[in-house]
Amino acid sequence: MKEYLAPERERVALITIDAQRDFVLPNSPATVGGALATVPAMRRLIDAFRSAGAPIVHTLRLYRCNGSNVDLCHRAAIEAGQRIVMPGTSGAELIDELKPSLGQRLEPELLLDGKLQEVGHREWLCYKPRLSAFFQTPLEDHLKSLGITTIVLCGTDFPTSPRSTVYAASNRDFRIVLATDAISGATDAGLDELAQIGVYLMSSEQLLNWLKRDRQAA
């Protein structure tokens, strides 16, 4: 690939997508197939980015019980009484494995107001009202204010929010790495599609080695 597509270690951030209890935990109301199996890889990436002092942004959904902020494809179910990632519920919380501390809780009104919630050193939560983590969110401005050119993506349900986020990031000229074993629902065809637009595909192990080489060089 051209040099301007290559990820830059010193200007990288990790973005997690919809890694919330209602989407990941077994027997939750909207469990995504394969999501639980990706948790160890996501945790390894989180630990590595924290150790490196690199930024982390956890992007997440919050559905008001009246459906007023819910995308059209899910709104009817919420209006009919389905309760998924509702503000203030345990199901809306990040899975414990990704939290900086187990006592950490979302601040729904802050997030729904379009603000980032700081949860650790160079680590934030960001509410996204639609599939893409960049649609009507502060994510782009936040990353650019930190000098970030490269994002590593992991999280839940590749065909929906992760893939939407990839295309949105590409439209904003970010360099993109997809953590293939830390994202649920990915298919070979879908991954090939993203590779065609310059997305780097790496396993969590490859990513850890890539980050490690940077620290050793430093």
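Colleague: How much space lies in the largest pocket?

Modeller: First, a word on the model. This is a predicted model, in which local features need pLDDT of at least 70 and side-chain atom pairs count only at pLDDT 80 or more, while totals for chains, interfaces and linings use all residues. Residues are numbered from 1 along each chain as its sequence is written, and side-chain values use heavy atoms, with hydrogens and water left out. As to the general idea, rolling a probe the size of a water molecule over the atoms shows where empty space is left. A pocket is an open set of points, on a 1 Å grid over the protein atoms alone, where a 1.4 Å probe fits, with protein on both sides within 12 Å along at least five of seven lines. Grid points are joined across faces, edges and corners, and the volume is the space filled by probe spheres set on the points. Here the largest pocket holds about 210 Å³.

Colleague: Which residues line the largest pocket, and which lie nearest its centre?

Modeller: A lining residue has an atom within 4 Å of a point. The largest pocket has 13 of them, and Phe23, Tyr63, His74, Asp157 and Thr160 lie nearest its centre. By class, six are nonpolar, four polar and three charged. In this scheme Ala, Val, Leu, Ile, Met, Phe, Trp, Tyr, Cys and Pro are nonpolar, Asp, Glu, Lys and Arg are charged, and the others, Gly among them, are polar.

Colleague: How is the nonpolar core to be read, and how many residues does the largest one have?

Modeller: In soluble globular proteins, nonpolar side chains tend to be buried together. A nonpolar core is a set of buried Ala, Val, Leu, Ile, Met, Phe, Trp, Tyr and Cys residues joined through side-chain atoms within 4.5 Å. Buried means under 20% relative accessible area, exposed over 50%, and partly exposed in between (1.4 Å probe, protein chains only). The largest core has 44 residues, and those with the most contacts inside it are Leu14, Met42, Leu45, Phe49, Leu62 and Leu207. Helix α2 (residues 39–52) gives the largest share of this core, seven residues. Another core lies apart from it, with 24 residues, among them Ile151, Leu191, Leu194 and Val199. Helices (H or I, at least four residues) and strands (E, at least two) are DSSP runs, numbered from the N terminus.

Colleague: Where is Met42 found, and what does Met42 touch?

Modeller: Met42 belongs to helix α2. Because its relative accessibility is 0%, Met42 counts as buried. Contact means heavy atoms within 4.5 Å. Not counting residues up to four places away in sequence, Met42 touches Ala19, Ile95, Leu98, Cys154, Gly155 and Ala182. Met42 and Leu153 are 111 residues apart in sequence, yet their C-alpha atoms are 9.7 Å apart in space. Leu207, leaving aside its neighbours within four places in sequence, is in contact with Leu45, Val152, Val177, Ala179 and Met202.

Colleague: Which residues of helix α6 are buried, and what covers them?

Modeller: In helix α6 (residues 161–171), the buried residues are Ser161, Pro162, Thr165, Val166, Ala168 and Ala169. Their cover includes β1 (12–17), β5 (150–155), β6 (175–183) and α7 (188–195). Ser161 has a relative accessible area of 1%, so this residue is buried. Beyond residues up to four places away in sequence, Ser161 touches Ile17, Asp18, Arg61, Lys128 and Leu131.

Colleague: Why is Phe158 called buried?

Modeller: Phe158 is called buried because its relative accessible area is 1%. Phe158 lies in the loop between β5 and α6.

Colleague: What is phi at Asn27, and is Asn27 buried or exposed?

Modeller: Most residues other than glycine have a negative phi, and most peptide bonds are trans. Asn27 is not a glycine, yet its phi is positive, about 70°. Asn27 sits in the loop between α1 (21–24) and α2, and it counts as exposed because its relative accessibility is 81%. Arg122 also has a positive phi, near 55°. Arg122 is in the loop between β3 (117–120) and β4 (123–127), and is partly exposed at 29% relative accessible area. Just after α6, Asp173 takes a positive phi of about 65°, and at 69% relative accessibility Asp173 counts as exposed.
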